[in-house]
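Here's a quick briefing on salt bridges and a few related spots. Have a look at the structure first, then read on.

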Amino acid sequence: MRNVLVALAVCAASVLHAQERSLSWTSLDVTAKLESDGTLRVSERHAMRYDGAWNGGERIFRTEAWQQLELLGMSYVDRGGRTVRMNAATGDGVGLHEYRFDASRTFRTR
């Protein structure tokens, strides 16, 4: 992968009524390494502040037909500063502290 273009969409909806909410990044750290075989390995660390009624996030990765994308895992840092590995969702939905990454290149987390 030589070119990486990422589109980010974080969404959640309150069906019954709209509530004020905000989302901000306090930091975003990206580490990328281009391997000799052309593989680009990217690690991201987002420090995000959710305020209000949110029910998870969604991110869509745009790739070209000749590119491959593999998600190796997801973790979060809890309030105590511990890194906790999240589980891939196995059912139809995405449960608390789970993620789903499907063939459409859509990543969902809760």
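Is R41 buried, partly exposed or exposed? R41 counts as partly exposed because its relative accessibility is 47%, where buried is under 20% relative accessible area, exposed is over 50% and partly exposed is in between (1.4 Å probe, protein chains only). Keep in mind that this is a predicted model, where local features need pLDDT of at least 70, side-chain atom pairs count only at pLDDT 80 or more, and totals for chains, interfaces and linings use all residues. Residues are numbered from 1 along each chain as its sequence is written, and side-chain values use heavy atoms, with hydrogens and water left out.

**Salt bridges**
- The whole structure has 6 salt bridges, each a side-chain nitrogen of Lys or Arg within 4 Å of a carboxyl oxygen of Asp or Glu.
- One of them pairs R41 with E35, at 3.3 Å from N to O; E35, at 25% relative accessibility, is partly exposed too.

**The R108 network**
- Salt bridges link E58, D102 and R108 into a network.
- R108 reaches E58 with closest N and O atoms 3.0 Å apart.
- That pair joins distant parts of the chain, 50 residues apart: R108 sits in strand β9 (residues 106-109) and E58 in strand β4. Strands (E, at least two residues) are DSSP runs, numbered from the N terminus.
- For R108 and D102, the closest N and O atoms are 3.5 Å apart.
- E58 is buried at 17%, while R108 at 32% and D102 at 26% are partly exposed.

**G57**
- G57 belongs to strand β4 (residues 57-62) and is buried, at 11% relative accessibility.
- G57 and R110 lie 53 residues apart in sequence, with their C-alpha atoms 6.5 Å apart in space.

Methods
Helices (H or I, at least four residues) and strands (E, at least two) are DSSP runs, numbered from the N terminus.
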